[in-house]
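Hi there,

Here is the structure I promised to pass on to you. Please open it first, and then read my notes below.

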Amino acid sequence: MPPFTVLHVCMGNICRSPMAERLLLLAVRERLGRLGVDPARSDELLHSHSAGTGGWHAGEEMNPPAARQVVSRGGDVDGFAARKLRSDLIDAADLVLTATADQQEYVVALRPDAAARTFVLGEFGRLLAAVDAAGLPPVEATPDAVYARGVALVAAADSARQGASALPADDLDDPWGRGDQCFSRVADEIEETVHPLAAALLP
């Protein structure tokens with residue numbers, strides 16, 4: 001059921017997955033603006049949220065250098081609070097994007113039936129390029145249309161991977177404790193997937 005729900009997962013939920021959560025939302029809002037649709041309607045079309053495999057940062061704000069990346073790119077960090085991954089969050093997600101293959105395995109171990117909709121972020125970005133957009137449901141900036149297109153996109157990406165594992169290069173480095181340059185590089189890598197995803201949902 002709409003909205004199309006994307007769950008981002010990393011380890012502590014204060015660096016990589018929050019950046020992915022907010023940068024995807026920003027990308028969708030930018031697409032809506034280009035289509036002449038009020039960007040404030042993004043919440044009707046897409047729910048982008050995140051969690052961590054560990055709960056030691058639960059309740060904390062985004063790590064400051066991660067927050068700086070989101071804000072500098074035009075996004076916002078308001079209302080963010082880290083939380084630990086729960087099975088019900090996986091159950092409710094139409095797409096689960098993890099920072100690393102280890103976290104992908106963690107998600108699938110918790111919920112084996114989520115395997116077909118769980119990808120390493122870089123892996124999903126790679127597979128998107130192999131998806132024939134002409135075979136997806138029609139484009140329309142409505143909750144039902146974006147949901148149908150998103151679910152079909154995930155199924156097509158799963159089919160495109162043909163049972164193959166993610167590549168080591170698909171993992172996002174953990175920038176925790178490192179400088180702004182590292183966070184900037186990781187944010188760039190996140191955008192390499194979330195921008196094509198937003199464009200596929202709302203061409």
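A crossing is called left-handed if the near helix is turned anticlockwise from the far one by less than a right angle, and right-handed if clockwise. In this predicted model, local features need pLDDT of at least 70, side-chain atom pairs count only at pLDDT 80 or more, and totals for chains, interfaces and linings use all residues. Residues are numbered from 1 along each chain as its sequence is written, and side-chain values use heavy atoms, with hydrogens and water left out.

Now the helix pair. α6 passes α8 in a left-handed crossing. In contact (heavy atoms within 4.5 Å), Leu 121, Gly 122, Phe 124, Gly 125 and Leu 128 of α6 meet Glu 189, Ile 190, Thr 193, Pro 196 and Leu 197 of α8. By class, this contact of α6 with α8 has six nonpolar, three polar and one charged residues. Nonpolar means Ala, Val, Leu, Ile, Met, Phe, Trp, Tyr, Cys and Pro; charged means Asp, Glu, Lys and Arg; the others, Gly among them, are polar.

Next, the lining of the largest cavity. A cavity is a set of points on a 1 Å grid over the protein atoms alone where a 1.4 Å probe fits but cannot get out, and lining residues have an atom within 4 Å of a point. Among the lining residues are His 8, Arg 16, Leu 97 and Leu 121. The lining divides into seven nonpolar, three polar and one charged residues.

Enjoy exploring!

Terms used. Helices (H or I, at least four residues) and strands (E, at least two) are DSSP runs, numbered from the N terminus. On a 1 Å grid over the protein atoms alone, a cavity is a set of points where a 1.4 Å probe fits but cannot get out, and a pocket is an open set with protein on both sides within 12 Å along at least five of seven lines; lining residues have an atom within 4 Å of a point.
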